[in-house]
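Dear colleague,

I am handing over the structure we spoke about, and below it you will find what came out of going through it. Please read the notes with the coordinates open beside them.

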Amino acid sequence: MVALGNQIIGKSHDTGVTERDPSLHAEVNAIRQAVHSIGDTNLSGAILFCTCEPCPMCSSLAVWSNLTTIVYGISIEETARLGKSRIRVSSEKIVERSPVMLEVIGGILKDECKLLYD
């Protein structure tokens, strides 16, 4: 989900399997909705909320769309330990190598999010 102020401007889920497109992660879909909603690719001031820490592709998209904050529940490392296939590069690593300042906040509703992966 992408929120700007008190308004949700993008909300989606993973559609990679149903659409036969491995790039269609929930974050990609939500960011696409958000840019269409506001009519601009600059999402400065917006927050991306995710169940799981965004993968490197999605974290990079957050950078390129100038999101201000990423908030997630369970980390990439934690989901990998649960047997989910992940590229083990954290959002923080992507952001620290990027040209923009983007805050990354993890562990929000972690236990509730983890239940979705059990």
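A residue is called buried here when its relative accessible area is under 20%, and exposed when that area is over 50%. Please also keep in mind throughout that this is a predicted model.

With that cut-off, the buried residues of helix 2, which covers residues 56-64, are Pro56, Cys58, Ser59, Ala62 and Val63. These residues lie on the same side of helix 2, because the arc they cover around the axis is only 165 degrees. Among the elements that cover them are helix 1 (26-38), strand 4 (69-74) and helix 4 (91-96). After helix 2 comes asparagine 66, which has a positive phi, near 60 degrees.

As for the fold as a whole, the protein has five helices and five strands, and read from the N terminus its elements follow the order β-β-α-β-α-β-α-α-β-α. The radius of gyration is 13 Å, close to the 13 Å that the globule rule gives for 118 residues, so the protein is as compact as a globular protein of that length. The C-alpha trace spans about 40 × 30 × 25 Å along its principal axes. Of the 118 residues, 41% are buried, while the protein exposes about 6,900 Å², of which carbon and sulfur atoms supply 54%. Among contacts with a separation of 6 or more, 54% are between residues 24 or more positions apart.

The cysteines deserve a separate paragraph. How many disulfides does the structure hold? The structure holds zero disulfides, a pair of cysteine sulfur atoms being counted as one when they are within 2.5 Å. Cysteine 52 is in no disulfide, and the nearest cysteine sulfur to its own, that of cysteine 50, is 8.2 Å away. Cysteine 55 is likewise in no disulfide, with the nearest cysteine sulfur, that of cysteine 58, 3.7 Å away. Cysteine 58 is itself one of the buried residues of helix 2, and cysteine 52 counts as buried too, at 8% relative accessibility.

Is serine 75 buried or exposed? With a relative accessible area of 13%, serine 75 is buried, and, leaving aside residues up to four places away in sequence, serine 75 touches Cys52 and Glu53.

Note on methods: Residues numbered from 1 in each chain as written. Predicted model: local features only at pLDDT ≥ 70, side-chain atom pairs only at ≥ 80, totals over all residues. Heavy atoms only, no water. Buried < 20%, exposed > 50% of the residue type's maximum accessible area, 1.4 Å probe, protein only. Helix = DSSP H or I, 4+ residues; strand = E, 2+ residues; numbered from the N terminus. Arc of directions from axis to C-beta. Contact = heavy atoms within 4.5 Å. Rg over C-alpha atoms; globule rule 2.2 N^0.38 Å. Areas by Shrake-Rupley, 256 points an atom, 1.4 Å probe, with all protein chains shown as cover.
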